[in-house]
Amino acid sequence: MDEQKVIVVGVDGSEAAQHALDWALDEARIRGCAVRAVRVWNFEPMSDWVPTTLQEVRASAVEALAESVRTAVAGRSEAPPVEQVTTEGDAATELVRAAHDAALLVVAGHRGERLRKVVLGSVSSACVRKSHVPVVVLPPKLDLTADVEDAEKAWA
């Protein structure tokens, strides 16, 4: 690998984020650069009404990111180097910070979250607005098989 800038990708454990990680790995292989996979977490002591320690939340984030990366590189004949970073804070702010020296910031778009976006804001939208590097927002993978099956049922 030459000294190309890294590709930073946000990984939150969702299927859409896994797709973004896969895309980032493919793009990094083409460019001959590394990937920085970033998982942002927050400490909420009573999340789901179950007492949780800061160390448990941090360890869970580290393991979840490692599992996402293992899944993404499994079965690939070639994979670029992947730096794994977990950090606490606001997702958009931390992703933009992690991408300060990157070639690209890759994030996943999520569908069906209009109310959440109106109330809380969208991480991908905030990254697009705040980042000083190009941002790639990948739409969720489409399940065309399910769409075809639904259409066939509607016409039957």
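Which residues in H1 meet residues in H2? In this predicted model, Gln18, Leu21, Asp22 and Leu25 in H1 meet Ser68, Val69, Thr71, Ala72 and Val73 in H2, a contact being counted where heavy atoms lie within 4.5 Å.

**Figure 1. Overview of the protein chain, with its 6 helices and 5 strands.** Helices (H or I, at least four residues) and strands (E, at least two) are DSSP runs numbered from the N terminus, and along the protein chain they run in the order β-α-β-α-β-α-β-α-α-β-α. The protein chain has 156 residues, of which 35% count as buried; here buried means under 20% relative accessible area, exposed means over 50%, and partly exposed lies in between (1.4 Å probe, protein chains only). The protein chain exposes about 9700 Å², with carbon and sulfur atoms supplying 54% of that area, as computed by the Shrake-Rupley method with a 1.4 Å probe. Among the contacts with a separation of 6 or more, 77% join residues 24 or more positions apart. Residues are numbered from 1 along each chain as its sequence is written. Because the model is predicted, local features need pLDDT of at least 70 and side-chain atom pairs count only at pLDDT 80 or more, while totals for chains, interfaces and linings use all residues, and side-chain values use heavy atoms, with hydrogens and water left out.

**Figure 2. Helix H1 (residues 15-31) and the elements around its buried residues.** The 17 residues of H1 reach 24 Å from the first C-alpha to the last, close to the 24 Å expected at 1.5 Å a residue, where the expected span is 1.5 Å times one less than the number of residues. Buried in H1 are Ala16, Ala17, Gln18, Ala20, Leu21, Ala24, Leu25, Glu27 and Ala28. The buried residues of H1 pack against strands S1 (7-10), S2 (35-41), S3 (82-88), S4 (104-108) and S5 (135-138), as well as against helix H2 (54-73). After H1 comes Gly32, whose phi is positive, near 75°.

**Figure 3. The packing of H1 on H2.** The axes of H1 and H2 are 10 Å apart and the two helices pack at an angle of about 55°; axes are lines fitted to C-alpha atoms, for helices over the stretch in contact, and angles run from 0 to 180 degrees between N-to-C directions. H1 and H2 are therefore oblique to each other, since angles under 35 degrees count as roughly parallel, over 145 as roughly antiparallel, 65 to 115 as roughly perpendicular and the rest as oblique. Their crossing is right-handed, a term used if the near helix is turned clockwise from the far one by less than a right angle.

**Figure 4. Ala108 in strand S4.** Ala108 is buried, with a relative accessible area of 12%. Leaving aside residues up to four places away in sequence, Ala108 touches Ala16, Ala17, Ala20, Ser124, Val137 and Leu138. The C-alpha atoms of Ala108 and Val9 are separated by 8.7 Å, although these residues are 99 residues apart along the chain.

**Figure 5. The crossing of helix H3 (residues 91-98) and helix H5 (residues 123-130).** The axes of H3 and H5 come within 9 Å and cross at roughly 45°, which makes H3 oblique to H5. This crossing is right-handed, and in it Ala91, Ala92, Thr93, Leu95 and Val96 in H3 meet Val123, Ala126, Cys127 and Lys130 in H5.
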